Amino acid sequence: MPRIRLLFIFMLLTLSCENTDVTLTPEKQPEPEPEPEVSIEAPLPLVTINTNGAQIVDEPKINGDMTLVDTDGVVQYEGRIGIEVRGASSQLFFNKRQYGLETRDAENMDLDAAFLSFPEEEDWILYAPYSDKALVRNHLIYNLAREMGQYASRSELVELNLNDSYDGLYVFMEKLKRDKNRIDISKLNPDEISGEDLTGGYIIKIDKINSPDFIDEYTEQNSFTSTIPPVSSLAGQTIKFLYDYPDPEDLVPEQRAYISNYVADFETALSSATFADEDLGYANYIDVDSFIDFFILNEFSNNVDGYRISTFLHKDKGGKLKAGPIWDFNLAFGNADYCDGGEPNVWAYKFNQRCPNDFYQVPFWWERLLQDPAYVAKLKLRWETLRASTLSNAGIKEKIDDYVSQMEDAAAIQNNFQRWPVLGAYVWPNRFVGDSYEAELEYLKNWIDDRLSWLD
């Protein structure tokens, strides 16, 4: 990786965590152990990737070959791929890499493929649990979101062999993108610049910059800025919205103007004295149910990145702005030691009050929405309904136990931590460091119980 790129990532993280308890100097972490002897009774799906001697880098994707075998030993995919390293802070702090890949044909052109539980597509992610030593935080929250009726990336627990070496437990996931089986919004063509054609579909996000050429600044080309500052912030921060779909280079001026003006109109209505009015207020601009579910998922997990990083929003033709899909909860569920990210008894949406100098702040939206009695009543009703079903203590623990059972039957936990011996070692930004997997799992379960009780 070029030195300028590593330097920028370090500077970005320094800004992001200013005035927090996090220590940004990467600690010396245990070196990976040799490939373990794999003893498997009931295997997880096995992904085998070979790049034929080429090094995997962060852009561009390099050519490789992938075989994916399911738990019954059936080959679900065997063919070409393009693969790259992905992630920002994970590349600096984590030895275990995560990868973005696309399935390709014999000529190395994009190829839609369907395997395991995934509908046909071409873009995929191999997420690498590392600081999440329970291994299941992302897998859990995505499954819960889909049970709530919101799209979230489908995911499968797998093991990875990379270039003839065992590389540990991974989560095979869908990349978030416009697709009938993913973010199901209309395709927006460059010539659609008026009428209902212009109203969708759009995907925008509040996030860090991670462009392929690493021109790491917010520009008029890739983003627009909120006109309303975040509450409680002290360093003149602003909220930036990145264009995600269509790609910034594919957006035409009329489309940039439409989606930025739509968000501005929503924020103006939400900040006005008539914000709760049925005819004049915020509800004319957003899908309230999606915002409520997005709020519940981020608060349930006390996601320290919630609302301010990896926050996706989308809008279809003729529709209102929707919150989601959720993304990147590896630092949630008590797994962050800064800005009270590990506490079970604080509000995630009040992040700015705890860390007012952090570069990435939470928009004023969530605090303002909770000033509307009608919104609060709807939120409470949704919470009570979910607590009796999807978000019941017993139901959540059953899910976790099922994931753990799958991994234990495959000896994947033992093999993963032999490959990556981080148990008992601090990995940024762990709030809790257990000396065994059982301790990490108990911490996660107890934290969830405490969190649910406090939210009730």
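Let's start with the overall count: the protein chain has eleven helices and 14 strands. Keep in mind that this is a predicted model. The chain has 456 residues, and 56% of them count as buried. Its accessible surface is about 18800 Å². Carbon and sulfur atoms account for 48% of that surface.

How far apart in sequence are the residues that touch? Take the contacts between residues at least 6 apart in sequence. Of these, 69% join residues at least 24 apart.

Now to the helices. Look at helix H3, residues 137–147, and helix H9, residues 393–409. Their axes come within 11 Å. They cross at roughly 130 degrees. Is that parallel, perpendicular or oblique? An angle over 145 degrees would count as roughly antiparallel, and 65 to 115 as roughly perpendicular. The H3 and H9 pair is therefore oblique. The crossing of H3 past H9 is right-handed.

Which residues meet there? H3 brings His139, Leu140, Asn143, Leu144 and Glu147. H9 brings Ile396, Lys399, Ile400 and Tyr403. Sorted by class, this contact holds five nonpolar, two polar and two charged residues.

Pick out Leu144 from that group. Leu144 sits in helix H3. Is Leu144 buried or exposed? Its relative accessible area is 0%, and buried means under 20%, so Leu144 is buried. What does Leu144 touch, leaving out residues up to four places away in sequence? The partners are Phe300, Thr390, Leu391, Ile396 and Lys399. Leu144 and Leu297 are 153 residues apart along the chain. Their C-alpha atoms are separated by 8.5 Å.

Stay with H9, but turn to another partner. Helix H11 covers residues 437–455. The axes of H9 and H11 come within 11 Å and cross at roughly 165 degrees. That angle makes H9 roughly antiparallel to H11, because angles over 145 degrees count that way. H9 passes H11 in a right-handed crossing. On the H9 side, the contact uses Asn393, Ile396, Lys397, Ile400, Asp401, Val404 and Met407. On the H11 side, you find Tyr437, Leu441, Leu444, Lys445, Ile448, Asp449 and Leu452. By class, that gives nine nonpolar, one polar and four charged residues. Notice Ile396: this residue is in the contact with H3, and it is in the contact with H11 too.

Next, a tryptophan. Trp383 lies in helix H8, residues 373–387. Its relative accessible area is 12%. The cut-off for buried is under 20%, so Trp383 counts as buried. Setting aside neighbours within four places in sequence, Trp383 contacts Ile296, Leu391, Leu452, Leu455 and Asp456. Look at Leu391 in that list: Leu144 touches Leu391 as well. And how far is Trp383 from Asp456 along the chain? They are 73 residues apart, with their C-alpha atoms separated by 8.4 Å.

Ser301 is in the loop between helix H5, residues 288–300, and strand S13, residues 311–315. Ser301 is buried, with 0% relative accessible area. Beyond residues up to four places away in sequence, it touches Phe329, Ala332, Phe333, Gly334 and Trp447.

Let's move to the backbone. Where are the cis peptide bonds I want to show? One joins Gly200 and Gly201, with omega about 0 degrees. Gly201 is in the loop between strand S9, residues 165–174, and strand S10, residues 202–206. Another cis bond runs from Gly324 to Pro325, with omega near 5 degrees. Pro325 belongs to the loop between strand S14, residues 322–323, and helix H6, residues 351–354.

Last, two positive phi angles. Asn52 is not a glycine, yet its phi is about 55 degrees. Asn52 is in the loop between strand S1, residues 46–50, and strand S2, residues 62–69. Is Asn52 buried or exposed? At 54% relative accessible area, Asn52 is over the 50% cut-off, so it is exposed. Leu116 also has a positive phi, near 50 degrees. It lies in the loop between strand S5, residues 113–115, and strand S6, residues 118–121. Leu116 has 25% relative accessibility, so it counts as partly exposed.

Notes: Residues are numbered from 1 along each chain as its sequence is written. This is a predicted model: local features need pLDDT of at least 70, side-chain atom pairs count only at pLDDT 80 or more; totals for chains, interfaces and linings use all residues. Side-chain values use heavy atoms; hydrogens and water are left out. Helices (H or I, at least four residues) and strands (E, at least two) are DSSP runs, numbered from the N terminus. Buried means under 20% relative accessible area, exposed over 50%, partly exposed in between (1.4 Å probe, protein chains only). Contact means heavy atoms within 4.5 Å. Accessible areas come from the Shrake-Rupley method with a 1.4 Å probe; for residues, only the protein chains shown count as cover. Axes are lines fitted to C-alpha atoms, for helices over the stretch in contact, and angles run from 0 to 180 degrees between N-to-C directions. Angles under 35 degrees count as roughly parallel, over 145 as roughly antiparallel, 65 to 115 as roughly perpendicular and the rest as oblique. A crossing is left-handed if the near helix is turned anticlockwise from the far one by less than a right angle, and right-handed if clockwise. Ala, Val, Leu, Ile, Met, Phe, Trp, Tyr, Cys and Pro count as nonpolar, Asp, Glu, Lys and Arg as charged, and the others, Gly among them, as polar.
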